[in-house]
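Please keep the sequence and the structure in view while reading.

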Amino acid sequence: MKSNASLIYSLILVVGDFLALVAAFVAAYVIRGKLYHTPVAHPITAGSYADIFLALLPFWILFFALLGLYSNNILEKRFAETGRLLIGSFVGLLFVASYAYADNNPVFPSKLVPVYGFILGFLFLLIFRNSARAVRIKLYSHGTGITNLLIVGNTKIASELVASLANPALSGYRIVGVVGTKAHSKEKYPHIAVFDSFDEATAKLPAEKIHSIVQTELFSASERNDQILEFAQTNHISYRFVPGNSELFVGNIAVELFRSSVPVIAVHQTALIGWGRIIKRLFDILAGGILLIIASPFMLIIALLILLFGGRGGVFFRQTRLTRFNNQFRVFKFRTAKAEYNSLTHAQAFAKMGRPELLKEFYDNREYLPDDPRYSRIGLFLRKTSLDELPQLFNVIKGDLSLVGPRALIPQELSTYEKKHSILSVKSGVTGLAQISGRKDLPFAERRKLDIYYVQNWSLWLDIVILVKTVRVVVSRTGAK
């Protein structure tokens, strides 16, 4: 690839991370040694301290590299980057401590120095990386660090790429041409050149002006595909191919030998297979059990409030929902509806109260009515704060639900959705991508797309990220209705 912008940026991150860690542990040494009046347990000269850390820090940076902190895949994912920085900082500190133990010589003058160093190191790394990202985006607006991209294909994916990358100041890409007259609107993007064929594109565009090629269409004539790949490799241009059925390839992919001789690509319906299912279940039991213990006093108080102020009816609401492999189960929630409307469908409840016109308003407002007459006052509060869903922790321990997964829906809601079998290839969850991305603010179809993405791209780290973001969403009541 002729554009070295990403490589240069990664090298800047390596140098910046090194300097941030040096600054952090120098500051930790100064804070403990100069600002405290009590003597240190292991007097170490500043020179010896610096020599040790300058020798060990390259291995610390290596840990960062192994965590993927210098790969292009992580640079735009701030939350994932922050988590890996935290893990890398802790592992690096353990490495330094292990070295001190093996060498049988103190590295830190006192026990507080590694604590200060860890805290300051993580903060300095965050500050540096966010500053570097801001500078990089600023440079995009001046045309620096831009990757010139040629898109090949007359497909919907090509149109989506043009729309998302059209502004170089935001995307970091400059589309120098599109091979395919149907790939984008000339009226909307008049500055992007359109070519009828790849030959025409390469004749009018100098190879040195193309940094990357993305092919979104597999041509029936193999020679045309070979021509594009050979051109990219001959001119040392980055090449990517987007398969026509892109949804097929975003799950768990493995290259295997079929019958010991034929290489095949195995595409699993979900990444949550094998040991992944076992790890996820163990995580659900451990984290779900801890959350249930913490939530128990609050659940008892809520139950008493429902009995006192929720009108007639029981404390819990039970409903048949769907989970993995199309299995049905009874979900537990705190009762929020008035007794006369409990367990009724939306249409049945509005008809029973003699206000069927509210049904249209309910669906027009994305399944929400302010001061919905079906719910008690305590019920409205529980729904807005999502506290009505706490009893689902019992379903998690029982094994009906997972802490994180696609939303558990009633059979009627999923019956008309054509990709429901992808969603039902894993256990439904108490929370999920849709809940942290807007909840009821998103249309039904968008929520289901997020569910499918989760199914195909599951990881334990993704579960942890979703759980942390769920707390933020619940506290801020984002999308809660």
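A salt bridge is taken here as a side-chain nitrogen of Lys or Arg within 4 Å of a carboxyl oxygen of Asp or Glu. By that criterion, a search of the whole structure, which is a predicted model, finds 13 salt bridges. Side chains of opposite charge can pair when their charged atoms come close. Three of these pairs are set out below.

| Pair | Closest N to O distance |
|---|---|
| Lys 280 and Asp 463 | 2.6 Å |
| Arg 355 and Glu 357 | 3.6 Å |

The pair formed by Lys 280 and Asp 463 links distant parts of the chain, since Lys 280 belongs to helix H10 (residues 275–309) and Asp 463 to helix H19 (residues 460–476), 183 residues apart. Helices (H or I, at least four residues) and strands (E, at least two) are DSSP runs numbered from the N terminus. Lys 280 and Asp 463 are both buried, where buried means under 20% relative accessible area, exposed over 50%, and partly exposed in between (1.4 Å probe, protein chains only).

Glu 200 and Lys 204, by contrast, both lie in helix H8 (residues 198–204), four residues apart, or about one turn of the helix. Glu 200 counts as partly exposed because its relative accessibility is 22%, and Lys 204 counts as exposed because its value is 57%. In the remaining tabulated pair, Arg 355 is partly exposed at 38%, as is Glu 357 at 49%. A network of salt bridges also links Asp 17, Glu 81, Arg 129 and Arg 133.

Glu 81 is among the buried residues of helix H4, which also include Gly 83, Leu 85 and Val 96. Helix H4 (residues 78–103) has 26 residues and reaches 37 Å from its first C-alpha to its last, close to the 38 Å expected at 1.5 Å a residue, the expected span being 1.5 Å times one less than the number of residues. After H4 comes Asn 104, with a positive phi near 60 degrees.

Arg 448, in helix H18 (residues 444–456), is buried, with a relative accessible area of 2%. Leaving out residues up to four places away in sequence, Arg 448 touches Arg 407, Leu 409, Leu 414, Tyr 417 and Ile 423, contact meaning heavy atoms within 4.5 Å.

Asn 327 sits in the loop between strand E8 (316–322) and strand E9 (328–334), and it is partly exposed at 42% relative accessibility. Beyond its neighbours within four places in sequence, Asn 327 is in contact with Arg 321 and Leu 322.

For the chain as a whole, the secondary structure comes to 19 helices and 11 strands, and 43% of the 481 residues count as buried. Residues 24 or more positions apart account for 69% of the contacts with a separation of 6 or more.

The mean pLDDT, the predictor's confidence in each residue from 0 to 100, is 83, with 89% of residues reaching 70 or more. Where pLDDT is low, the predicted coordinates should not be read in detail.

Residues are numbered from 1 along each chain as its sequence is written, and side-chain values use heavy atoms, with hydrogens and water left out. In this predicted model, local features need pLDDT of at least 70 and side-chain atom pairs count only at pLDDT 80 or more, whereas totals for chains, interfaces and linings use all residues.
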